[in-house]
Amino acid sequence: HTTVPTDVFGNAIAGGRSTGGYRVVKLNTLTGDTMWTLYLAHPGVSGLFGAIQHVLTDAAGSIYAVGTNNTHVLVAKLSTDGEVLWTDTLPPSNGGLYSRNAEYVHLQEDILTIALPGFNSRLYQYDADGARLMETPLVLPGLYYPEISAMQYFDGDLYITGSSSANAGGGGSQRLGFTARLGLESVPTGV
């Protein structure tokens with residue numbers, strides 16, 4: 001993780017990988033004691049184990065966990081006590097997910113946004129109840145296989161920054177940095 005999310009009491013939540021599957025752990029930061037450990041699995045897809053790469057918390061204390069096994073992506077929302085509120089499996093992604101930025105996850109105003117990189121770049125959006133609001137290819141004119149470094153919503157649009165391949169065939173070491181504004185309010189099913 002690039003940051004360690006905490007609940008309203010300062011307890012830390014971390015994700016990772018274990019032989020039991022996708023693992024999320026909540027720790028008491030004053031004592032170091034484990035408050036709970038939870039193993040997550042893909043709904044509807046058996047036998048897949050991977051690593052939780054992103055953990056986020058919202059103002060209500062709910063926990064969002066996103067991970068991958070390099071072919072599928074697991075998305076889950078947990079209560080502050082470690083109860084699974086909902087899970088989803090995103091379809092396999094061509095090109096793998098262990099790339100420069102892996103998948104990028106952003107939580108703002110109860111909207112969870114996930115940008116998957118690679119040959120099948122896609123943008124997903126969920127509401128707080130787990131309804132998938134958007135699933136669309138992430139197509140940026142003149143750029144190929146975009147990988148997102150950061151994103152932010154402002155005035156109904158999504159601003160993103162990252163890097164992309166300079167040629168349609170991918171490969172090579174040349175990368176182009178970009179910043180883009182996506183008008184999601186007016187075009188909810190496409191970019």
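Strand β2 (residues 21–27) and strand β3 (residues 34–40) of this predicted model pair in the antiparallel sense over 6 bridges, where strands are DSSP runs of E of at least two residues, numbered from the N terminus, and two strands pair if DSSP finds at least two bridges between them. Within this pairing, Leu27 stands opposite Thr34 in β3. The hairpin of β2 and β3 has 6 residues between the strands, and Gly32 takes a positive phi near 85° in this hairpin. Residues are numbered from 1 along each chain as its sequence is written. Because the model is predicted, local features need pLDDT of at least 70 and side-chain atom pairs count only at pLDDT 80 or more, while totals for chains, interfaces and linings use all residues, and side-chain values use heavy atoms, with hydrogens and water left out.

The secondary structure of the protein chain comes to 0 helices and 14 strands. Of its 191 residues, 48% count as buried, a term that means under 20% relative accessible area, with exposed meaning over 50% and partly exposed in between (1.4 Å probe, protein chains only). Among contacts between residues at least 6 apart in sequence, 44% join residues at least 24 apart, a contact being heavy atoms within 4.5 Å.

In the segment before β1 (12–18), Phe9 is found, and this residue is exposed, with a relative accessible area of 70%. Phe9 and Asn28 are separated by 19 residues in sequence and by 9.0 Å in space, C-alpha to C-alpha.

The structure holds 5 salt bridges, each defined as a side-chain nitrogen of Lys or Arg within 4 Å of a carboxyl oxygen of Asp or Glu. One of them joins Asp7 and Lys26, with the closest N and O atoms 2.8 Å apart. Asp7 lies in the segment before β1 and Lys26 in strand β2, so the pair ties together parts that are 19 residues apart in sequence. Both Asp7 and Lys26 are buried.

A further salt bridge is formed by Arg132 with Asp88, the closest N and O atoms being 2.7 Å apart. This pair links distant parts of the chain, with Arg132 in strand β11 (residues 132–137) and Asp88 in strand β7, 44 residues apart. Arg132 is partly exposed, with a relative accessible area of 31%, whereas Asp88 is buried at 17%. The side chain of Arg132 also meets that of Glu135 in a salt bridge (2.8 Å, N to O), and Glu135 is partly exposed, with a relative accessible area of 36%. Salt bridges that share partners join Asp88, Arg122, Arg132 and Glu135 into one network.

Strand β7 (residues 84–90) also contains Thr89, which is buried, with a relative accessible area of 14%. The side chains of Thr89 and His42 are joined by a polar contact of 3.1 Å, that is, a pair of N or O atoms within 3.5 Å of which, within protein, one must be able to donate a hydrogen and the other to accept it, residues adjacent in sequence counting only if both atoms are side-chain atoms. The Thr89 side chain reaches the backbone oxygen of Pro43 at 3.3 Å. Leaving aside residues up to four places away in sequence, the residues that Thr89 touches include Val45, His72, Val73 and Arg132.

β12 and strand β13 (residues 157–165) pair over 8 bridges, and Gln152 has Tyr159 as its bridge partner in β13.

Notes:
Helices (H or I, at least four residues) and strands (E, at least two) are DSSP runs, numbered from the N terminus.
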